[in-house]
Amino acid sequence: MDYIDKKQYPISQKLNISLLLLIILGWGGFQYIASQTQAFWMIFFYGVCFSVLMMTCYSLLHESAHDLLFHNNTANYMGGAILALTFIFPITAFKKMHHGHHLRNRTDLEMFDLYYPSDNKLFKVLCWYAILLGLWWIMIAVLTIIAIILPSICIIIFRNKPLWINSYAFLDISKSDLFKIQLEAFSVIIFQIGMFFLLDLNLIPYLILYGIHAISWSSQNYIYHAFAPRDTLNGAHNLGMNPVLKPIYLNINHHLVHHHHPEIPWVHLPKFVESGQTSNYGKAYLQLWKGPRLTTEPAPKSLDPEYEKYLSSLV
């Protein structure tokens with residue numbers, strides 16, 4: 001990768017804070033009107049709007065994970081933590097998982113879209129469609145609750161099953177980070193319960209909105225890597241997107257560029273997209289629903305020396 005002077009690509013702090021406030025207001029607004037509506041079909045319409053808003057929320061969470069939301073570290077953390085209240089995902093857990101993703105992208109640890117001849121095909125297919133239908137976000141929400149009620153369960157999952165997807169990222173987690181995750185999970189639940197009663201929400205509309213968000217986000221979250229080359233650095237796609245959707249997704253669709261230059265804020269990513277390097281987002285999304293594919297290609301070497309050492313110890 002060529003050297004890039006980060007000073008030439010500053011963080012758009014005013015735009016980010018405006019989007020953050022819009023997300024918080026939009027979250028409360030959509031939840032409130034969905035609970036007040038008398039037409040049941042309108043709840044699903046608000047749910048679609050809510051899911052679109054949460055895509056922007058995730059994109060900003062992603063910026064926070066790379067310390068690109070605000071210049072100040074404390075402000076960056078607090079901004080991410082506030083966004084995480086609505087997304088239902090402790091920001092410290094998200095950041096640790098995401099950094100691990102950049103190091104271990106397209107390794108067997110993150111291979112959902114492919115299966116080996118030795119794998120149980122039915123199991124891989126069921127897991128794949130469960131992810132597309134919302135399971136991935138539901139698992140995050142459930143683990144957020146478990147982190148408060150039964151933190152020992154999280155420790156068992158994190159440390160005794162390190163090759164489960166992304167749980168390896170927590171293998172060496174410190175006690176202070178575990179405490180932060182638990183505290184953040186507690187804050188998420190307090191926020192959700194508090195706003196539920198403050199806004200006088202109804203349970204069914206509340207769950208429908210989050211259910212639509214779960215399917216929308218989970219079915220799109222892996223689109224940027226599905227069927228990409230098995231290469232830790234190059235295993236991602238730049239996906240062309242409808243101009244209407246681009247400002248909603250905050251250029252996260254330029255994902256190959258992001259993996260090459262994770263230090264560049266979202267507003268500048270299009271400047272690095274090379275001609276002919278983009279594929280169609282809609283076609284890529286439809287490809288997901290055809291299911292996982294058979295592969296005999298070996299896993300790439302990760303950018304994580306400790307992970308490679310861990311794999312060697314298992315042989």
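**Aromatic contacts in a predicted model**

The count of aromatic pairs comes to 21. The structure is a predicted model. A pair of aromatic rings is described by the distance of the centres and the angle of the planes.

**Tyr58 and Phe94**

- Tyr58 and Phe94 form an edge-to-face pair, with 5.7 Å from centre to centre and 75° between the planes.
- Tyr58 belongs to helix α2 (residues 40-65) and Phe94 to helix α4 (residues 91-104), so this pair ties together parts that are 36 residues apart in sequence.
- Tyr58 has a relative accessible area of 9%, so this residue counts as buried, the cut-off being under 20%.
- Phe94 is also buried, at a relative accessible area of 5%.

**Tyr249 and Tyr281**

- The ring centres of Tyr249 and Tyr281 are 6.0 Å apart and the ring planes lie at 70°; the pair is therefore edge-to-face, since planes over 60 degrees apart count as such.
- This pair links distant parts of the chain, 32 residues apart: Tyr249 is in helix α10 (residues 246-249) and Tyr281 is in helix α12 (residues 281-288).
- Both Tyr249 and Tyr281 are buried.

**Cluster**

- One aromatic cluster is formed by Phe50, Trp137, Phe196, Phe197, Tyr206 and Tyr210.

**Charge over a ring**

- Arg293 has its charged end over the ring of Phe227, at 3.7 Å from the ring centre.

Terms used:
Residues numbered from 1 in each chain as written. Predicted model: local features only at pLDDT ≥ 70, side-chain atom pairs only at ≥ 80, totals over all residues. Heavy atoms only, no water. Phe/Tyr/Trp six-rings, centres within 6.5 Å; stacked < 30°, edge-to-face > 60°. Helix = DSSP H or I, 4+ residues; strand = E, 2+ residues; numbered from the N terminus. Buried < 20%, exposed > 50% of the residue type's maximum accessible area, 1.4 Å probe, protein only. Lys NZ or Arg CZ within 6 Å of the ring centre and 35° of its normal.
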